[in-house]
Amino acid sequence: MNWQDHPDRPADGTRLCKMADIPDQGGREITFGEGRENFKVLLLRRGSQVWSYLNYCPHFSLPLNYEPQTFVTLDGLIMCAHHAAFFNVDDGRCVDGPCVGDGLVPLPSHVSRGVVIFGHPPPRIASRTPRG
Ligand code: FES
């Protein structure tokens with residue numbers, strides 16, 4: 001199923017969490033809905049940068065973490081706790097392990113005033129400078 005069609009997907013503009021609530025060099029999961037098939041957003045942070053992915057490993061379609069809110073990151077990589085696949089934090093591509101060449105599914109998000117928000121940022125309205 002495409003993530004856009006997931007019944008529990010949050011609406012664009014949904015506040016996910018404060019950026020400060022994501023451990024630097026680590027991750028945090030935000031879930032929507034109930035049960036095993038709920039919508040799992042994985043937020044990864046390095047300093048002031050945040051990336052968001054579906055929290056599903058492409059190897060066996062399991063969440064990357066085994067314990068709640070426990071994500072193993074190292075040198076710009078995140079490891080799946082099940083069979084040790086390693087993914088780039090910045091593009092989600094699997095670079096080592098049983099699913100090399102696959103990748104995490106990126107989700108749109110942005111940070112506004114220290115809050116991570118689901119969806120693309122609203123378009124900027126170009127300001128016009130009066131001429132004359
Ligand atoms: S489920 Fe992630 S590496 Fe196997």
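Tutor: Buried means under 20% relative accessible area, exposed means over 50%, and partly exposed lies in between. By that cut-off both Trp-3 and Phe-39 are buried. Keep in mind that this is a predicted model.

Student: What makes Trp-3 and Phe-39 a tilted pair?

Tutor: Ring centres must lie within 6.5 Å to pair, and planes under 30 degrees apart count as stacked, over 60 as edge-to-face and the rest as tilted. The centres of the Trp-3 and Phe-39 rings are 6.5 Å apart and the planes stand at 55°, so the pair is tilted.

Student: Why is it said that this pair of Trp-3 and Phe-39 ties together parts apart in sequence?

Tutor: Trp-3 lies in the segment before strand E1 (15–18), while Phe-39 belongs to strand E3 (residues 39–46), so the parts tied together are 36 residues apart in sequence.

Student: Why is the pair of Trp-3 and Phe-118 called edge-to-face?

Tutor: Here the centres are 5.9 Å apart and the planes of Trp-3 and Phe-118 stand at 85°, so the pair is edge-to-face. Phe-118 lies in strand E10 (residues 115–118) and Trp-3 before E1, so this pair ties together parts 115 residues apart in sequence. Phe-118 is buried, as is Trp-3.

Student: What do the ring pairs link into a cluster?

Tutor: They link Trp-3, Phe-39 and Phe-118. The whole structure holds three aromatic pairs.

Student: How many salt bridges are there, and what makes Arg-9 and Asp-12 one of them?

Tutor: The structure has three salt bridges. The cut-off is a side-chain nitrogen of Lys or Arg within 4 Å of a carboxyl oxygen of Asp or Glu.

Student: Why is Asp-12 called exposed, and what is Arg-9 called?

Tutor: Asp-12 has a relative accessible area of 53%, so it counts as exposed. Arg-9 stands at 25%, so it is partly exposed.

Student: How do you know that Arg-28 and Asp-21 form a salt bridge?

Tutor: Their side chains meet at 3.7 Å, N to O, and the limit is 4 Å. Arg-28, at 25% relative accessibility, is partly exposed, and Asp-21, at 40%, is partly exposed.

Student: What of Arg-93 and Asp-91?

Tutor: The N to O distance in the salt bridge of Arg-93 and Asp-91 is 3.8 Å. Arg-93 has a relative accessible area of 43% and is partly exposed; for Asp-91 the value is 39%, and the label is partly exposed.

Student: What makes E5 and E8 edge strands?

Tutor: The open sheet has four strands in the order E5-E6-E7-E8, with antiparallel pairing. Strand E5 (72–74) and strand E8 (94–96) each pair on one side only. The twist from one strand to the next averages 35°.

Student: How do you know that E5 and E6 pair?

Tutor: At least two bridges are needed. Three bridges join E5 to strand E6 (residues 77–79), and the two run antiparallel. Thr-73, for example, has Ile-78 in E6 as its bridge partner.

Student: What does the secondary structure of the chain come to?

Tutor: It comes to zero helices and 10 strands. Of the 132 residues, 37% count as buried.

Note on methods: Residues numbered from 1 in each chain as written. Predicted model: local features only at pLDDT ≥ 70, side-chain atom pairs only at ≥ 80, totals over all residues. Heavy atoms only, no water. Phe/Tyr/Trp six-rings, centres within 6.5 Å; stacked < 30°, edge-to-face > 60°. Buried < 20%, exposed > 50% of the residue type's maximum accessible area, 1.4 Å probe, protein only. Axes fitted to C-alpha atoms, helices over the stretch in contact; angles between N-to-C directions.
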